[in-house]
Amino acid sequence: MRWIRRHILPAYAFLAFCYLMLPIAVVILFSFNAPTGRYNYVWEGFTLDNWINWDSVPGIKDAVITSLEIGIISTVAATILGTMLALAIVRHQFRGRGATNMLIFLPMSTPEIVLGASLLTLFLNINYATGFATIVLAHVMFIVSYVVVTVKARLITFDRHLEEAAMDLGANEWTTFRKVTLPLIAPAILAALLLCFAISIDDFVVTYFNSGSKITFPLFVWGAARIGAPPQVNVIGTAIFVIALTAMLVNVLVQMRRSKGAT
């Protein structure tokens with residue numbers, strides 16, 4: 001019983017991890033499949049042609065480029081706005097601070113179908129044509145909350161004495177922020193940026209309502225799945241997963257190196 005108690009939690013964690021990774025493993029495996037028909041649901045044989053000719057399916061390259069452009073623009077904009085919001089909420093007292101702090105969580109708790117339909121109604125009422133710009137605006141609106149929550153958590157535990165020491169040594173407010181505050185909250189900003197990019201590039205519901213004639217990668221996958229998703233969809237999904245995993249590992253290694261250097 002002692003051996004079981006000592007190993008039950010690691011075994012449970014390992015099984016939970018395998019359960020979470022199983023769908024991703026299937027996506028990766030079937031990116032190397034050579035289906036004989038339109039459907040990539042049964043293993044037919046190994047091939048590298050899907051990776052070599054990843055853009056051979058009409059429309060998939062444009063969809064991927066559109067998703068990347070929207071993801072980059074909306075993530076950068078949301079990260080800047082969210083960081084400034086977090087700094088304002090944590091560092092300053094102003095009228096409506098409590099309400100602002102509460103309203104930040106509304107986009108995270110509201111169902112996406114409600115957000116998508118509401119934004120579409122807004123754009124239609126102001127006669128604004130849906131397309132690339134409306135997708136970016138919609139994505140910034142609901143991912144900025146994740147930036148605020150992530151950066152605010154870091155600012156709450158931030159040691160203000162470091163800033164006071166820098167200003168006592170002659171640094172002004174901008175220099176203190178640039179050389180002390182920003183480097184120390186940079187890991188939280190980077191984590192928020194990676195999280196928001198993953199949410200943006202993966203979003204379907206809000207994008208579907210406000211896309212107009214623009215086709216992003218999730219919309220392309222949804223349309224292709226009705227007639228048979230090609231293995232190139234698995235290739236793109238695998239590439240996105242590998243890139244995101246690599247960025248996360250690099251971030252972790254950099255933080256570990258910084259913590260060792262600090263000690």
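So, to start: is Arg-91 buried, partly exposed or exposed? Arg-91 is partly exposed, at a relative accessible area of 22%. For the cut-offs, buried means under 20% relative accessible area, exposed means over 50%, and partly exposed is in between, using a 1.4 Å probe and protein chains only.

Quick housekeeping. This is a predicted model, where local features need pLDDT of at least 70 and side-chain atom pairs count only at pLDDT 80 or more, while totals for chains, interfaces and linings use all residues. Residues are numbered from 1 along each chain as its sequence is written, and side-chain values use heavy atoms, with hydrogens and water left out.

Okay, the overall picture. The chain has 12 helices and 0 strands; helices (H or I, at least four residues) and strands (E, at least two) are DSSP runs, numbered from the N terminus. The C-alpha trace spans about 70 × 65 × 40 Å along its principal axes. Out of 263 residues, 31% count as buried.

Back to that arginine. There are 2 salt bridges in the structure, and for us a salt bridge is a side-chain nitrogen of Lys or Arg within 4 Å of a carboxyl oxygen of Asp or Glu. In one of them, Arg-91 pairs with Glu-163 at 3.2 Å, N to O. That pair links distant parts of the chain, with Glu-163 in helix 8 (residues 160–168) and Arg-91 in helix 3, 72 residues apart. Glu-163 also meets Arg-160, at 2.7 Å, N to O. Arg-160 and Glu-163 are 3 residues apart in helix 8, so about one helical turn separates them. Put together, Arg-91, Arg-160 and Glu-163 are linked in a network of salt bridges. On accessibility, Glu-163 is buried at 8%, whereas Arg-160 is partly exposed at 40%.

How many cavities of 30 Å³ or more does a search of the whole structure find? It finds 1. A cavity here is a set of points on a 1 Å grid over the protein atoms alone, where a 1.4 Å probe fits but cannot get out, and lining residues have an atom within 4 Å of a point. The volume of the largest cavity is about 40 Å³, meaning the space filled by probe spheres set on the points, with grid points joined across faces, edges and corners. Its lining includes Ser-67, Ile-135, His-139, Asp-203 and Pro-218. Helix 3 (60–91), helix 7 (132–156) and helix 9 (173–202) each supply at least two of the lining residues.

Met-1, Trp-3, Ile-4, Ile-8, Leu-9 and Tyr-12 form a nonpolar patch with about 770 Å² of accessible area together. Patch members have over 30% relative accessible area and no salt bridge, and nonpolar side chains (Val, Leu, Ile, Met, Phe, Trp, Tyr) are joined within 5 Å, like charges within 9 Å. Met-1 sits in the segment before helix 1 (2–30) and counts as exposed, at 69% relative accessibility.

Last item, cysteines. The disulfide count is 0, where a disulfide is a pair of cysteine sulfur atoms within 2.5 Å. Cys-18 is partly exposed at 34%, while Cys-196 is buried at 0%.

Terms used:
Accessible areas come from the Shrake-Rupley method with a 1.4 Å probe; for residues, only the protein chains shown count as cover. On a 1 Å grid over the protein atoms alone, a cavity is a set of points where a 1.4 Å probe fits but cannot get out, and a pocket is an open set with protein on both sides within 12 Å along at least five of seven lines; lining residues have an atom within 4 Å of a point.
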